[in-house]
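Below is a short briefing on one protein chain. It is meant to be read beside the sequence and the coordinates.

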Amino acid sequence: LPDPTGEKPYLSPTGRPVEPGVRGFWKDYPNINFLVSNTLGLDPSEVWTDFTTSSFYSPSGLEATAPVFSKVPLQLPSPLGQVLATFPLF
């Protein structure tokens, strides 16, 4: 990836914009868990790692870091829980 900040567009061979990478992953996503366990015969505890924060960059640098909501000690309903969990990251 020539420029992960997005300042220089990343284009496909046909000239269309491409956004490489994985956007996110939902905990306990049944289709993926079934694929890993039943179809591929793998042990999920050996495949998956703990969730980590996501960082968002612009051409100016780091803009924001998103928390792992399942690790927040006080679970509150949205949007209050999201605000309190992300506030220290800005």
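The points below cover the fold, the strand pairing and the surface of this chain.

The model is predicted. Its protein chain holds three helices and two strands, arranged along the sequence as α-α-β-β-α. Of the 90 residues in the chain, 13% are buried.

**Secondary structure and contacts**
- Helix H1 covers residues 30–39 and helix H2 covers residues 44–47, with Leu 40 in the loop between them.
- Among contacts in the chain with a separation of 6 or more, 19% are between residues 24 or more positions apart.

**Strand pairing**
- Strand S1 spans residues 54–58 and strand S2 spans residues 61–66.
- The two strands run antiparallel and are joined by five bridges.
- Phe 56 has Ala 64 in S2 as its bridge partner.
- S1 and S2 make a hairpin, and two residues lie between the strands.

**Surface**
- The protein chain exposes about 7,700 Å², of which 60% comes from carbon and sulfur atoms.
- A nonpolar patch on the surface is formed by Leu 35, Leu 40, Leu 42, Val 47 and Trp 48.
- Together, the residues of this patch have about 420 Å² of accessible area.
- One of the patch residues, Leu 40, is the residue noted above in the loop between H1 and H2.

Technical notes:
Residues are numbered from 1 along each chain as its sequence is written. This is a predicted model: local features need pLDDT of at least 70, side-chain atom pairs count only at pLDDT 80 or more; totals for chains, interfaces and linings use all residues. Side-chain values use heavy atoms; hydrogens and water are left out. Helices (H or I, at least four residues) and strands (E, at least two) are DSSP runs, numbered from the N terminus. Buried means under 20% relative accessible area, exposed over 50%, partly exposed in between (1.4 Å probe, protein chains only). Contact means heavy atoms within 4.5 Å. Accessible areas come from the Shrake-Rupley method with a 1.4 Å probe; for residues, only the protein chains shown count as cover. Patches are made of residues with over 30% relative accessible area and no salt bridge: like charges are joined within 9 Å, nonpolar side chains (Val, Leu, Ile, Met, Phe, Trp, Tyr) within 5 Å. A salt bridge is a side-chain nitrogen of Lys or Arg within 4 Å of a carboxyl oxygen of Asp or Glu. Two strands pair if DSSP finds at least two bridges between them.
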